[in-house]
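The following paragraphs lead the reader through one protein chain, from a single position to the whole fold. Please keep the sequence and the model in view while reading.

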Amino acid sequence: MDAKLVNPFIDAIVSVMPMLGLPVPQRADMGVKSKTATSLGVTVMVGFTKQIRGNVAYNMTEDTAKYIASSMMMGMPVETFDEMAQSAISEMSNMLTANAATSLAGMGYDVDISTPSLTTGENFQIRISNDSFLFVKMDIGGHTIELNIAVE
């Protein structure tokens, strides 16, 4: 997996999250996994096609998702991970992936992204890749988002 294709996703989370009123994310862990990731509670999958193909899964606990959704909604309390909070997290995922796609386009790659697909529930397997993929855990004010990135 070429780092120059993965870095736009990491750069996107570092630059976009503060625009949403959140602290600057810090890398907490990074490595390679094989085929599947285990859901932490809320996972949003976004695919990309054309010259760069693959997907990215934004994986987080429900508490982290509520924390982010609250920040995106100007601090409005989010007691339950309801439809409005789910919409906010889907939109955040869309913004992050679109930002990464724009960076990839600036590098000369033609990329389209899919509509985000949000799932809830803990401990189920999410197929990320047919082979291996990169995971990057980002700490955002004591809350963790795990990016699972598979690109070809």
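In which strand does Lys 35 lie? Lys 35 belongs to strand β1; strands (E, at least two residues) and helices (H or I, at least four residues) are DSSP runs, numbered from the N terminus. The model is a predicted one, in which local features need pLDDT of at least 70 and side-chain atom pairs count only at pLDDT 80 or more, while totals for chains, interfaces and linings use all residues. Residues are numbered from 1 along each chain as its sequence is written, and side-chain values use heavy atoms, with hydrogens and water left out.

Most residues other than glycine have a negative phi. Lys 35, although not a glycine, has a positive phi of about 65 degrees. Its relative accessible area is 37%, so Lys 35 is partly exposed; buried means under 20%, exposed over 50%, and partly exposed in between, with a 1.4 Å probe and protein chains only. Asn 123, in strand β4, likewise has a positive phi, near 65 degrees. Asn 123 counts as exposed because its relative accessibility is 60%.

The chain as a whole contains three helices and five strands. Read from the N terminus on, these elements follow the order α-β-β-α-α-β-β-β.

Helix α1 covers residues 3-19, 17 residues in total. From its first C-alpha to its last it reaches 25 Å, close to the expected 24 Å, a span defined as 1.5 Å times one less than the number of residues. Its buried residues include Leu 5, Phe 9, Ile 13 and Met 17. The buried residues of α1 pack against β1 (26-50), β2 (54-60), α2 (62-72), α3 (83-106), β4 (117-140) and β5 (143-151). After α1 comes Gly 21, with a positive phi near 90 degrees.

The remaining values describe the overall form. For 152 residues a compact globule would have a radius of gyration near 15 Å, and the 14 Å of the chain therefore agrees; the radius is taken over C-alpha atoms, and the rule is 2.2 Å times the number of residues to the power 0.38. The C-alpha atoms fill a box of roughly 40 × 30 × 25 Å along the principal axes. Of the 152 residues, 45% count as buried. Among contacts (heavy atoms within 4.5 Å) with a separation of 6 or more, 71% join residues 24 or more positions apart.
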